Amino acid sequence: MAIELSNHPLVQHYLTILRDVETDAESFRRACSGITGVLMTEAAKQLEVDAITVQTPLEKAHGARLRGEIVFVPILRAGLGMLDAAMATVPGSSVGYIGLERDEVTAEASCYYSKMPELGAAQIVYVLDPMLATGGSAIQSIEQIKAAGATRVSMVSIIAAPEGVKALQVAHPDVTIMTGVIDRELNDSKYICPGLGDFGDRLFRT
Ligand code: PRP
Ligand code: URA
(Lines give C-alpha, C1' and ligand atoms only; values in the text may rest on other atoms or scores of the structure.)
(Ligands and ions follow the chains in the order given, each with its own letter.)
Protein backbone atom coordinates (compact mmCIF):
# COMPACT_ATOMS: atom_id res chain seq x y z
CA MET A 1 0.00 0.00 0.00
CA ALA A 2 1.23 3.46 -0.85
CA ILE A 3 1.53 6.02 1.89
CA GLU A 4 2.05 9.62 0.90
CA LEU A 5 3.11 12.41 3.23
CA SER A 6 2.59 15.98 2.20
CA ASN A 7 5.53 18.25 2.93
CA HIS A 8 3.63 21.30 1.69
CA PRO A 9 4.47 24.40 3.79
CA LEU A 10 0.76 25.07 4.33
CA VAL A 11 0.35 21.59 5.81
CA GLN A 12 3.15 22.30 8.29
CA HIS A 13 1.62 25.69 9.10
CA TYR A 14 -1.91 24.40 9.72
CA LEU A 15 -0.63 21.33 11.58
CA THR A 16 1.13 23.58 14.05
CA ILE A 17 -2.10 25.52 14.70
CA LEU A 18 -4.00 22.26 15.18
CA ARG A 19 -1.41 20.92 17.63
CA ASP A 20 -1.25 24.10 19.73
CA VAL A 21 -3.16 23.63 22.99
CA GLU A 22 -3.93 27.38 22.97
CA THR A 23 -5.82 27.22 19.63
CA ASP A 24 -9.52 28.01 20.11
CA ALA A 25 -12.31 26.08 18.36
CA GLU A 26 -12.86 28.68 15.61
CA SER A 27 -9.18 28.73 14.64
CA PHE A 28 -9.04 24.93 14.95
CA ARG A 29 -11.91 24.60 12.45
CA ARG A 30 -10.30 27.02 10.01
CA ALA A 31 -6.97 25.18 10.23
CA CYS A 32 -8.77 21.85 9.72
CA SER A 33 -10.38 23.19 6.53
CA GLY A 34 -7.13 24.71 5.34
CA ILE A 35 -5.07 21.56 5.77
CA THR A 36 -7.80 19.37 4.28
CA GLY A 37 -7.85 21.52 1.13
CA VAL A 38 -4.14 20.97 0.64
CA LEU A 39 -4.21 17.24 1.48
CA MET A 40 -7.14 16.67 -0.88
CA THR A 41 -5.36 18.56 -3.65
CA GLU A 42 -2.36 16.28 -3.15
CA ALA A 43 -4.52 13.14 -3.02
CA ALA A 44 -6.42 14.21 -6.15
CA LYS A 45 -3.21 14.16 -8.19
CA GLN A 46 -3.96 10.44 -8.70
CA LEU A 47 -7.26 11.17 -10.48
CA GLU A 48 -7.54 10.66 -14.21
CA VAL A 49 -9.20 12.95 -16.71
CA ASP A 50 -10.91 12.52 -20.07
CA ALA A 51 -9.94 14.90 -22.82
CA ILE A 52 -12.83 17.09 -23.98
CA THR A 53 -13.27 20.15 -26.14
CA VAL A 54 -14.58 23.38 -24.66
CA GLN A 55 -15.96 26.37 -26.54
CA THR A 56 -14.44 29.63 -25.25
CA PRO A 57 -16.02 32.96 -26.27
CA LEU A 58 -13.41 33.03 -29.06
CA GLU A 59 -12.79 29.48 -30.28
CA LYS A 60 -12.61 25.83 -29.31
CA ALA A 61 -9.94 24.77 -26.76
CA HIS A 62 -8.67 21.50 -25.34
CA GLY A 63 -10.16 20.72 -21.95
CA ALA A 64 -10.33 17.91 -19.41
CA ARG A 65 -13.03 16.42 -17.21
CA LEU A 66 -12.44 14.30 -14.12
CA ARG A 67 -13.04 10.60 -14.80
CA GLY A 68 -14.97 8.60 -12.21
CA GLU A 69 -17.41 9.60 -9.52
CA ILE A 70 -15.95 10.96 -6.32
CA VAL A 71 -17.41 9.83 -3.00
CA PHE A 72 -16.34 11.29 0.34
CA VAL A 73 -16.95 9.26 3.47
CA PRO A 74 -16.25 11.31 6.60
CA ILE A 75 -15.99 9.21 9.76
CA LEU A 76 -18.20 10.84 12.40
CA ARG A 77 -17.61 12.91 14.25
CA ALA A 78 -14.15 14.26 13.58
CA GLY A 79 -14.20 13.55 9.83
CA LEU A 80 -17.04 16.06 9.47
CA GLY A 81 -14.50 18.83 10.03
CA MET A 82 -12.82 17.81 6.75
CA LEU A 83 -15.94 17.41 4.60
CA ASP A 84 -16.68 20.97 3.43
CA ALA A 85 -13.08 21.62 2.42
CA ALA A 86 -12.85 18.26 0.62
CA MET A 87 -16.06 18.98 -1.33
CA ALA A 88 -14.85 22.48 -2.17
CA THR A 89 -11.57 21.06 -3.50
CA VAL A 90 -12.88 18.19 -5.62
CA PRO A 91 -16.11 18.99 -7.51
CA GLY A 92 -19.14 16.81 -8.13
CA SER A 93 -18.90 14.47 -5.17
CA SER A 94 -21.43 12.29 -3.37
CA VAL A 95 -21.17 11.75 0.38
CA GLY A 96 -21.54 8.67 2.58
CA TYR A 97 -21.40 8.69 6.38
CA ILE A 98 -20.07 6.21 8.91
CA GLY A 99 -20.44 6.91 12.62
CA LEU A 100 -17.83 5.21 14.81
CA GLU A 101 -16.81 5.77 18.39
CA ARG A 102 -13.81 4.38 20.22
CA ASP A 103 -14.42 2.82 23.61
CA GLU A 104 -12.58 5.00 26.13
CA VAL A 105 -11.04 1.97 27.87
CA THR A 106 -10.36 -0.55 25.10
CA ALA A 107 -9.97 2.02 22.24
CA GLU A 108 -12.00 -0.36 20.06
CA ALA A 109 -14.31 1.40 17.61
CA SER A 110 -17.97 0.47 17.29
CA CYS A 111 -20.34 1.60 14.56
CA TYR A 112 -23.51 3.56 15.40
CA TYR A 113 -24.47 4.89 11.93
CA SER A 114 -23.91 4.14 8.27
CA LYS A 115 -25.42 5.60 5.10
CA MET A 116 -23.78 5.10 1.70
CA PRO A 117 -24.47 6.32 -1.81
CA GLU A 118 -24.17 3.82 -4.68
CA LEU A 119 -20.69 2.24 -4.59
CA GLY A 120 -19.05 0.20 -7.35
CA ALA A 121 -16.16 0.17 -9.78
CA ALA A 122 -17.02 3.64 -11.11
CA GLN A 123 -16.70 5.33 -7.73
CA ILE A 124 -13.49 6.66 -6.21
CA VAL A 125 -13.90 6.78 -2.44
CA TYR A 126 -11.97 9.05 -0.10
CA VAL A 127 -12.37 8.17 3.58
CA LEU A 128 -11.93 11.33 5.66
CA ASP A 129 -10.72 10.93 9.24
CA PRO A 130 -8.18 13.32 10.75
CA MET A 131 -6.70 10.83 13.22
CA LEU A 132 -5.35 7.40 12.24
CA ALA A 133 -4.40 6.06 15.69
CA THR A 134 -4.70 2.27 16.17
CA GLY A 135 -6.23 2.10 12.70
CA GLY A 136 -9.32 0.31 14.05
CA SER A 137 -11.78 2.97 12.85
CA ALA A 138 -10.24 3.19 9.38
CA ILE A 139 -10.06 -0.60 8.96
CA GLN A 140 -13.68 -1.09 10.02
CA SER A 141 -14.89 1.78 7.80
CA ILE A 142 -13.07 0.51 4.74
CA GLU A 143 -14.44 -3.01 5.35
CA GLN A 144 -17.96 -1.52 5.23
CA ILE A 145 -17.19 0.57 2.16
CA LYS A 146 -15.78 -2.42 0.27
CA ALA A 147 -18.68 -4.63 1.37
CA ALA A 148 -20.99 -2.00 -0.16
CA GLY A 149 -19.25 -2.50 -3.53
CA ALA A 150 -16.37 0.00 -3.70
CA THR A 151 -13.17 -1.17 -5.35
CA ARG A 152 -11.14 2.06 -5.27
CA VAL A 153 -10.64 3.46 -1.79
CA SER A 154 -8.15 5.99 -0.39
CA MET A 155 -7.71 7.31 3.12
CA VAL A 156 -7.06 10.98 3.88
CA SER A 157 -5.89 11.75 7.42
CA ILE A 158 -4.17 14.69 9.06
CA ILE A 159 -2.05 12.88 11.69
CA ALA A 160 -1.22 9.18 11.60
CA ALA A 161 0.50 6.93 14.15
CA PRO A 162 2.99 4.31 12.92
CA GLU A 163 0.87 1.62 14.59
CA GLY A 164 -2.24 2.68 12.66
CA VAL A 165 -0.44 2.89 9.34
CA LYS A 166 0.93 -0.63 9.82
CA ALA A 167 -2.42 -2.10 10.84
CA LEU A 168 -4.17 -0.48 7.87
CA GLN A 169 -1.46 -1.70 5.50
CA VAL A 170 -1.96 -5.27 6.71
CA ALA A 171 -5.78 -5.14 6.61
CA HIS A 172 -6.17 -3.22 3.33
CA PRO A 173 -2.95 -3.36 1.28
CA ASP A 174 -4.73 -1.83 -1.74
CA VAL A 175 -5.66 1.40 0.04
CA THR A 176 -3.53 4.51 -0.47
CA ILE A 177 -3.08 6.82 2.53
CA MET A 178 -2.51 10.55 2.24
CA THR A 179 -1.52 12.12 5.54
CA GLY A 180 -0.01 15.34 6.83
CA VAL A 181 2.44 13.61 9.17
CA ILE A 182 3.29 10.32 10.86
CA ASP A 183 3.80 11.02 14.56
CA ARG A 184 6.04 9.15 17.02
CA GLU A 185 3.75 6.63 18.75
CA LEU A 186 0.54 5.89 20.62
CA ASN A 187 0.44 6.32 24.39
CA ASP A 188 -1.14 3.81 26.79
CA SER A 189 -4.58 5.36 26.18
CA LYS A 190 -4.06 4.97 22.41
CA TYR A 191 -3.73 8.70 21.80
CA ILE A 192 -1.26 9.84 19.15
CA CYS A 193 1.90 11.50 20.58
CA PRO A 194 2.76 14.30 20.22
CA GLY A 195 -0.58 14.52 18.34
CA LEU A 196 -3.14 17.19 19.11
CA GLY A 197 -5.37 15.56 21.72
CA ASP A 198 -8.96 14.60 20.97
CA PHE A 199 -9.80 15.98 17.53
CA GLY A 200 -13.58 15.68 17.86
CA ASP A 201 -13.63 17.40 21.26
CA ARG A 202 -11.49 20.29 20.01
CA LEU A 203 -13.54 20.66 16.82
CA PHE A 204 -16.95 20.54 18.52
CA ARG A 205 -16.02 21.99 21.93
CA THR A 206 -17.12 18.93 23.91
C1 PRP B 1 -11.28 9.38 16.83
C2 PRP B 1 -10.88 9.83 15.43
C3 PRP B 1 -10.88 8.57 14.66
C4 PRP B 1 -10.48 7.54 15.69
C5 PRP B 1 -9.09 7.10 15.42
O6 PRP B 1 -12.64 9.21 16.90
O7 PRP B 1 -11.74 10.78 14.91
O8 PRP B 1 -12.13 8.25 14.10
O9 PRP B 1 -10.56 8.18 16.97
O10 PRP B 1 -8.70 6.13 16.32
P11 PRP B 1 -8.35 4.65 15.89
O12 PRP B 1 -7.45 4.74 14.71
O13 PRP B 1 -7.66 4.10 17.12
O14 PRP B 1 -9.62 3.93 15.59
P15 PRP B 1 -13.44 9.00 18.29
O16 PRP B 1 -13.71 7.56 18.52
O17 PRP B 1 -12.74 9.72 19.40
O18 PRP B 1 -14.85 9.63 17.99
P19 PRP B 1 -15.25 11.15 17.62
O20 PRP B 1 -14.73 11.42 16.24
O21 PRP B 1 -16.74 11.09 17.68
O22 PRP B 1 -14.65 12.05 18.65
N1 URA C 1 -8.48 10.13 18.28
C2 URA C 1 -8.15 11.41 18.56
O3 URA C 1 -9.00 12.32 18.46
N4 URA C 1 -6.90 11.66 18.95
C5 URA C 1 -5.96 10.72 19.09
O6 URA C 1 -4.81 11.02 19.45
C7 URA C 1 -6.32 9.39 18.80
C8 URA C 1 -7.59 9.12 18.39
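In the predicted model, a polar side-chain atom of Asp129 lies 2.5 Å from an oxygen atom of ligand 1, a polar contact being a pair of N or O atoms within 3.5 Å (within protein, one must be able to donate a hydrogen and the other to accept it, and residues adjacent in sequence count only if both atoms are side-chain atoms). An N or O atom in the side chain of Thr134 is 2.5 Å from an oxygen atom of ligand 1, while Arg102 places a backbone N or O atom 2.7 Å from an oxygen atom of this ligand. On its own, ligand 1 has 500 Å² of accessible area, of which the protein covers 92%; such areas come from the Shrake-Rupley method with a 1.4 Å probe, and for residues only the protein chains shown count as cover. The residues are numbered from 1 along each chain as its sequence is written, and chains are lettered from A and ligands numbered from 1 in the order in which they are written. Because the model is predicted, local features need pLDDT of at least 70 and side-chain atom pairs count only at pLDDT 80 or more, whereas totals for chains, interfaces and linings use all residues, and side-chain values use heavy atoms, with hydrogens and water left out.Ligand 1 has 16 residues around it, and those that come nearest are Arg102, Asp129, Thr134, Gly135 and Ser137 (a residue counts as near if one of its heavy atoms lies within 4 Å). Strand S6 (97-102), strand S9 (131-132) and helix H4 each supply at least two residues of this shell, with the largest share, 3 residues, coming from S6; helices (H or I, at least four residues) and strands (E, at least two) are DSSP runs, numbered from the N terminus.

Helix H4 comprises the 12 residues 136-147, which at 1.5 Å a residue should span 16 Å, and its end C-alpha atoms, 17 Å apart, agree with this; the expected span is 1.5 Å times one less than the number of residues. After H4 comes Gly149, with a positive phi near 120°.

Backbone N or O atoms of Ile192 and of Phe199 each lie 2.8 Å from an oxygen atom of ligand 2, and a backbone N or O atom of Gly197 lies 2.8 Å from a nitrogen atom of ligand 2. Taken alone, ligand 2 exposes 240 Å², and the protein buries 89% of that.
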